[in-house]
Amino acid sequence: MSIALESLTSCFQGLIPALFCTCSSDGIPNVAMLSQVEYVDPTHVALSFQFFNKSRRNVAENPNALVRLIDPDTAQGWLLRLRYERSETTGPLFDRMALRIEAIASYSGLKGIFKLLAADIYEVISVEPAREEVGVPAIRQRAAAADPVFTMKALQDLSQRIHGADSLERLLDSILAGLEESFGFNHSMILVPSDIPGVLVTIATRGYPESGVGAEIRVGEGEGIIGMVAEARKPIRIAGLLREMLYATIVRERAQQAGLCAAHARIPLPGLAQPESQLGVPLLVRGELVGVLCIESETPYRFHEEDKATIELLGSYLAIAIQNMQLQEAAAAASEPEPIAAPQPKPASAAKQRDVVYYAADECILVDGEYLIRSLPAKILWKLLTSRAQGRAEFTNRELRLDKSLNLPEWKDNLESRLLLLRRRLDQKCPDIRIVPRARGRFALELGCEVQLRMQ
Amino acid sequence: MIDKQLAEFLESGLPMYLGTRNGRLEPNGVRITAVRIEPDGTRLVAYIPTSVADSVLPDLQDNGHAAIVLGRPTDHRTVQIKGQFLGIVDDADADRDLVLAQWENMLRSFEQIGLPREPTAAWTMWPCIAVRLRVTGLFSQTPGPGAGAALS
């Protein structure tokens, strides 16, 4: 093979559909479009087996095949002459390919229908340039000269920001600001596990019109790449989301026509209205999921192959930084020795009144009829508001930890993350009810309005 | 065999490939520039870039078997046509406007899914050699359940 297969990594992103040519044993050619071609090793590729049964029957009879790929950077076409070797239905390669397909499927409520049946492994006999699909030299040079996304300088800048953060809130904001200012990623979000098992909650975002803090995503249950990243605990990168979504949409229509899925299950995309590239990274510390970082771009193929290892490494670093800060804040709050005085709350402005309703059965709070927050942050807010009605205005994290009614876990309760989430939701939805930090582990509840409390 | 509605779709300017095979049952394939469906719907003309015609023409002249896949990028509606080579059409240049109009629409469909036309500027899609095929089969290859079903 004169051209190294490794040099074609850009072609394997699926940005432009690949073509798959086979031939039956009685000599009838077949041509099909392909969802995925995956690099396996210097002499093998894997093709996704989802729907094209005729191609599969052909290679079972006659192992000769031809794949045509197009490099999205240069528009150069490539011909790979292949020989079918075997199919895999389990293992790391299968999992990697299946994860990408499931991530797309999850956006369209197609999980379980739009899926990988097998990863078919082919020996690559030869690689030749396509003579009609000739790459543009200027584009090629520009692509070759493009700066890598993850430079040492950018990593150093981000590291400095992380070291300079003195609270969880500042740390999370510093990470997202660093990703924008040092790496150029304008749209990003961090989600952390909520106190509800299997649910992630958005705790920090950057670059979106709505902050989205408090938005929940169920792990692995069909809500885009974030849920999939959390479930698989592996990064997912999508290079051309529009094309892949169009693909999933037509599969969905066909599945509906065949009565295989309901018509109402489509889940809207989070974040950007039309993201083209997405990169989701699990934030893991010794196997524990601390959170998920999701970066989006409106540019197709924004995250190149060489960026993948770096973002995985960066994810580990961020995970350790976030977990350390959570533990540090929890330890500092636990050592808070001072008893709490009961200062008289400042009188609230009578200009406005808020109707706050706590639905105990659902552990959910609505303010003026609009959803605010649920679960543990809702229980905390209800406790703070009812205490304030009795004259309390300042609180400590420690007393919340000791409060049996909140039922916090004894180990790693992530209380500081919950308080941050609650504070940000209040800022966003009713800024006249404020949680204001006073010192580490101590905060005040300030009201700029009258609050009418009701429990249902 | 190809009705008027399907012919309109096939001639609308789609990404399309022609597949053949040689005597050792090894597949060959090239991107083609356009197709023209003949009025009775039983035959079509495929326009193969001259620069790569030697990749598939010997196969067509040797055994005659061909497959063409055409898919619309914006919704992935995809059709495969099986055919038998009937011969080379004289004077492909006479269809230049029709062929290039389809190619222009193909580039627009790429743009609609976010693929700019600039990188494809060096693709050599014209001049073409025109080959006539008899249509022997039509299949839907739109992804999803039912992909591969014969079109009546």
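Visitor: In what order do the seven strands of the open sheet in chain B stand?
Guide: The order is E2-E1-E5-E6-E7-E4-E3, and the pairing is antiparallel. E2 and E3 of chain B stand at the edges, each with a single partner strand, so one side of each has no neighbour in the sheet. On average, neighbouring strands are turned by 35 degrees against each other, direction ignored.

Visitor: What kind of model is this?
Guide: It is a predicted model: local features need pLDDT of at least 70, side-chain atom pairs count only at pLDDT 80 or more, and totals for chains, interfaces and linings use all residues. Residues are numbered from 1 along each chain as its sequence is written, while chains are lettered from A and ligands numbered from 1 in the order in which they are written.

Visitor: How do you know that E4(B) and E7(B) pair?
Guide: Two strands (E, DSSP runs of at least two residues, numbered from the N terminus) pair if DSSP finds at least two bridges between them. E4(B) and E7(B), residues 128-140, have seven bridges, in the antiparallel sense. B:Tyr47 stands opposite B:Ala130 in E7(B). Helix H3 (residues 96-112) of chain B packs on the sheet and touches E3, E4 and E7 of chain B.

Visitor: What joins E3(B) to E4(B)?
Guide: Four bridges do, and the strands run antiparallel. E3(B) covers residues 34-37, E4(B) residues 43-49. B:Val35 faces B:Ala46 in E4(B). The two strands form a hairpin with five residues between them. In the turn, B:Gly41 has a positive phi of about 75 degrees.

Visitor: Which residues touch the most other members of the largest nonpolar core?
Guide: B:Ala46 and B:Ile68 do, in a core of 153 residues. Helix H8 (residues 305-334) of chain A gives the largest share, nine residues. A nonpolar core is a set of buried Ala, Val, Leu, Ile, Met, Phe, Trp, Tyr and Cys residues joined through C-beta atoms within 7 Å.

Visitor: Which residues is B:Ala46 in contact with, leaving aside neighbours within four places in sequence?
Guide: They are B:Leu18, B:Ile32, B:Val35, B:Ile68, B:Val131 and B:Leu133. Contact means that the C-beta atoms, placed from the backbone, lie within 7 Å.

Visitor: Why is A:Gly227 called buried?
Guide: Buried means 20 or more other C-beta atoms within 10 Å, exposed 12 or fewer, partly exposed in between; C-beta atoms are placed from the backbone. A:Gly227 has 27, so it is buried. It sits in helix H6 (residues 224-232) of chain A. A:Ala103 is 124 residues from A:Gly227 in sequence, but 8.5 Å away in space, C-alpha to C-alpha. Across chain A, 48% of the 456 residues are buried.

Visitor: What makes A:Ser24 partly exposed?
Guide: A:Ser24 has 19 C-beta neighbours inside 10 Å, so it counts as partly exposed. It lies in the loop between strand E1 (18-23) and strand E2 (29-34) of chain A. Leaving aside neighbours within four places in sequence, A:Ser24 is in contact with A:Asn58, A:Glu61 and A:Asn62. A:Ala60 is 36 residues from A:Ser24 in sequence and 8.8 Å away, C-alpha to C-alpha.

Visitor: Why is H9(A) called roughly perpendicular to H11(A)?
Guide: The axes of H9(A), residues 375-389, and H11(A), residues 415-429, cross at roughly 75 degrees and come within 9 Å. That makes the pair roughly perpendicular. The classes are under 35 degrees for roughly parallel, over 145 for roughly antiparallel, 65 to 115 for roughly perpendicular, and oblique for the rest. Axes are lines fitted to C-alpha atoms, for helices over the stretch in contact, with angles from 0 to 180 degrees between N-to-C directions.

Visitor: Which residues of H9(A) and H11(A) meet?
Guide: A:Leu376, A:Pro377, A:Ile380 and A:Leu381 meet A:Arg418, A:Leu419, A:Leu421 and A:Leu422. Ala, Val, Leu, Ile, Met, Phe, Trp, Tyr, Cys and Pro count as nonpolar, Asp, Glu, Lys and Arg as charged, and the others, Gly among them, as polar.

Visitor: How many residues of chain B are in contact with chain A?
Guide: 47 residues of chain B are in contact with 43 of chain A. E5(B) gives the most to the chain B side, six residues. That side has 21 nonpolar, 20 polar and six charged residues.

Methods: Two residues are in contact if their C-beta atoms, placed from the backbone, lie within 7 Å.
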